[in-house]
Amino acid sequence: QAAHTCLHSMLTRLGIVTGNSHFGISCFEMIVFWTTLQIVVARIAGVMEDNPFSRDRQSRNEAGAMGVMTLAAQVRARHAKMKCWATLLSHMSGFSSLTTGHMMFEFQFFRDYHWATFLIAPLIMSVQLILANLSRLIRQRVGDNQKAKGYSELSQPQGNDKEMREILVQGNTRPQEGMTKLPSDSESICEHCRKQIESDSLFCRHCSKPVSGKHVNTKLFDRAHGKAWALHMWQEETTEAENDVFALTGSFLLVRAITLCITHELEVESGAQVTTGSLVWICLAAIGFAGTTILAVGLQHNYFPGHEEEHDHDAANKAGKRLALGRRVGMVFQITMAMSLAWTALEFFKWVILKILPVLGGPEASAFRVVLSLIVSWVVLQLVRGLDYLADLEETGEDADVAIVMIINALGICVGFSWENSFHLAVEVVATEVGVQLLGQLVLAAIVAYTAIVPWRRHILGKVMLLDEERQRRKQKEEEAQSAAKPPAPAGTSSTSSLASTAVAGGKGGGKA
C-alpha cells in the first residue's frame with residue numbers, strides 16, 4: 001500500500017498521470033503483482049533449477065556449526081518459504097485488485113446508480129479469471145516441457161531417508177495406492193488412467209498422479225524426482241494463493257457495495273451518518289455471510305466431495321474436469337463468504353465506535369484506529385476461543401469443523417485489517433513529521449513489514465504447519481482404523497481406495513490450530 005501511494009503521488013507530481021489515468025496504473029499494478037506471485041513461487045519451489053535438492057548441501061545448525069542438510073530438512077525449508085511468500089504475495093495481489101475495484105466506485109455511473117456497484121466485484125474477478133487461466137496454461141506448458149526432458153533426479157539414497165522419500169513421493173499429501181506391480185520389473189500400470197509407465201517413475205507421465213503405496217516397486221524410493229515435487233508444489237501453492245486473491249477482492253468489493261446501499265455514503269466518517277437501522281442491516285449481513293459459509297461447506301461436501309488440490313489428477317476426463325471446477329468454485333465461494341463476514345464485522349465495530357465515541361475524532365484519527373484495533377482484537381479473541389471449543393466437540397461433524405475453521409481464519413484476517421489501518425496511518429504521520437513523506441513512508445513500511453514478517457515466518461507459520469501435519473497424521477490413522485474395521489469386500493470384486501490429499505496450508509482450512 002505504501003508503494004502504491006508513493007507511485008501514484010510521484011506520477012501525479014511529475015504530471016505523467018492525471019484523473020482516470022490512475023485507474024489504468026492500478027490495473028497494471030494488479031497484473032504485475034499477479035505475475036510476481038507466479039514467478040516467485042516457481043523460483044522457491046525449484047522449478048527453475050536443474051536439481052532442486054542435493055545431498056551435499058550445507059547449512060548451519062542451531063549451534064552455528066556447518067553440516068550436511070538432510071533432504072527432509074530441505075523439503076521442509078522450501079515448503080515453509082514457499083508458503084510464506086505465496087501468502088504474502090497473494091495478499092499484496094489481492095490488495096492491488098481491491099484498490100483497483102475501489103477506484104471504480106468513484107466513477108459517475110456508479111455514483112448515480114448504487115445498485116450497479118454490485119457489478120464491480122464480478123468485473124474485477126473476471127479479469128483475475130483471465131489471468132488465472134493464462135497462468136494455468138503457462139504452468140501446464142512448463143510441466144509438459146519438463147516431462148519431455150525427464151525430471152531431475154536425486155542421487156541414490158544414503159542411510160535411512162524414509163521420511164524424506166515419503167515427502168517427495170507424496171508431494172506433502174497422504175499415500176495413494178496408485179500403482180500395481182506387473183510381472184515385469186521394467187514397467188507398471190497406473191490404476192488411475194490405466195496406462196503403462198516405467199517402474200522407476202515417481203509420477204505417472206500421463207495423468208501426473210503421484211505414485212506411492214504398498215504396490216509400488218521399491219525402485220521408486222531409490223530415484224526420487226526433485227523436479228516432480230517442485231512442479232507439483234508450484235501448481236498447488238499458486239492455485240491456493242489465487243483462490244485467496246479471488247476471495248479477498250470479491251469479499252471487499254461486495255461488502256463495500258452493501259455498505260454504500262445501506263448508508264448511501266462511500267465512506268462513513270461521522271456518527272451522524274450511522275443510524276440504528278444501518279447497524280441492524282450490517283448485523284443481518286454478517287449473520288447471512290456466516291450462514292452462507294456453513295451452507296456452502298455442506299453443499300460442497302455432498303456434491304463435490306474431495307479436495308480442490310486434486311484437480312490436476314481428476315482432470316484427465318470431462319467428468320473429472322467438471323468435478324475439479326466445482327471444487328475450486330466452491331472453495332473460492334466459501335473463502336469469499338468467510339472474508340465477507342470479516343469485512344462486515346469490521347464495519348460494524350467501526351460504526352458502533354463512531355456512534356458512541358465521537359470524541360475519538362473519526363476514522364482518520366490515530367486514536368480512533370488504535371481503539372478500533374484493540375476492541376476488534378479482544379472481541380475476536382473471545383469468539384475464537386468459543387468457536388475452537390465447539391470445533392473440539394465430538395458432536396460437531398467434519399463439515400461443521402471446516403466451516404468453523406474458515407470463520408476463525410476470517411476473523412483473524414479481520415484483526416489484521418484493523419491493525420493494518422493503524423500502522424498505515426502511523427507510517428504516514430511519522431513520515432510527514434520527518435519531512436520526507438514519500439520516501440519515508442516506503443522505508444518505514446519496509447521496516448514494519450520486516451519486523452512482522454520475520455517472526456511470523458520463523459515461529460508462527462512453522463508451528464501452524466507442524467500442527468497441521470500432526471492433524472493429518474492423526475486423521476489418517478483414524479481413517480485407516482475405520483477401513484480395517486470394515487468387513488472385506490466380496491470375492492471377485494476389486495476396489496481401489498484413495499485417500500483424499502490435503503494441502504499444508506498455514507492455518508487455512510488446515511485444522512483447529
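This is a predicted model: local features need pLDDT of at least 70, side-chain atom pairs count only at pLDDT 80 or more; totals for chains, interfaces and linings use all residues.
Student: What makes up the secondary structure of the protein chain, and how much of the chain is buried?

Tutor: The protein chain comes to 13 helices and 5 strands. Buried residues make up 44% of its 513 residues.

Student: Why is Glu242 called buried?

Tutor: Buried means under 20% relative accessible area. Glu242 has a relative accessible area of 0%, so Glu242 is buried.

Student: Why is Arg328 called buried as well?

Tutor: The value for Arg328 is 19%, and the limit is under 20%, so Arg328 also counts as buried.

Student: What makes the contact between Glu242 and Arg328 a salt bridge?

Tutor: The criterion is a side-chain nitrogen of Lys or Arg within 4 Å of a carboxyl oxygen of Asp or Glu. The closest N and O atoms of Glu242 and Arg328 are 2.8 Å apart, and the pair therefore forms a salt bridge. This pair links helix H7, which holds Glu242, to helix H10 (residues 318-356), which holds Arg328, across 86 residues of sequence.

Student: Which other residue meets Glu242 in a salt bridge?

Tutor: The side chain of Arg139 meets that of Glu242, with an N to O distance of 3.2 Å. Arg139 and Glu242 are both buried.

Student: How do you know that Lys83 and Glu237 form a salt bridge?

Tutor: Their N to O distance is 3.2 Å, and the cut-off is within 4 Å, so the pair qualifies. Lys83 lies in helix H3 (residues 71-104) and Glu237 in helix H7, 154 residues apart. Both Lys83 and Glu237 are buried. Through shared partners, salt bridges join Lys83, Glu237 and Glu240 into one network. The whole structure has 7 salt bridges.

Student: Why is the pair of Trp34 and Phe246 called edge-to-face?

Tutor: By the ring rule there are 10 aromatic pairs. Ring centres must lie within 6.5 Å, and planes over 60 degrees apart count as edge-to-face. For Trp34 and Phe246 the centres are 6.2 Å apart and the planes stand at 75°, so the pair is edge-to-face. Because Trp34 is in helix H2 and Phe246 in helix H7 (residues 226-263), the pair ties together parts 212 residues apart in sequence. Trp34 and Phe246 are both buried.

Student: Why is the pair of Phe109 and Tyr113 called tilted instead?

Tutor: Stacked requires planes under 30 degrees apart and edge-to-face over 60, and the rest are tilted. The planes of Phe109 and Tyr113 are at 45°, with ring centres 5.3 Å apart, so this pair is tilted.

Student: Why is His264 called exposed, whereas Leu119 is called partly exposed?

Tutor: Exposed means over 50% relative accessible area. His264 reaches 53%, so His264 is exposed; Leu119, at 45%, is partly exposed. His264 sits in the loop between H7 and helix H8 (276-303), and has a positive phi of about 60° although it is not a glycine.

Key
Residues are numbered from 1 along each chain as its sequence is written. Side-chain values use heavy atoms; hydrogens and water are left out. Buried means under 20% relative accessible area, exposed over 50%, partly exposed in between (1.4 Å probe, protein chains only). Rings of Phe, Tyr and Trp (its six-membered ring) pair if their centres lie within 6.5 Å; planes under 30 degrees apart count as stacked, over 60 as edge-to-face and the rest as tilted. Helices (H or I, at least four residues) and strands (E, at least two) are DSSP runs, numbered from the N terminus.
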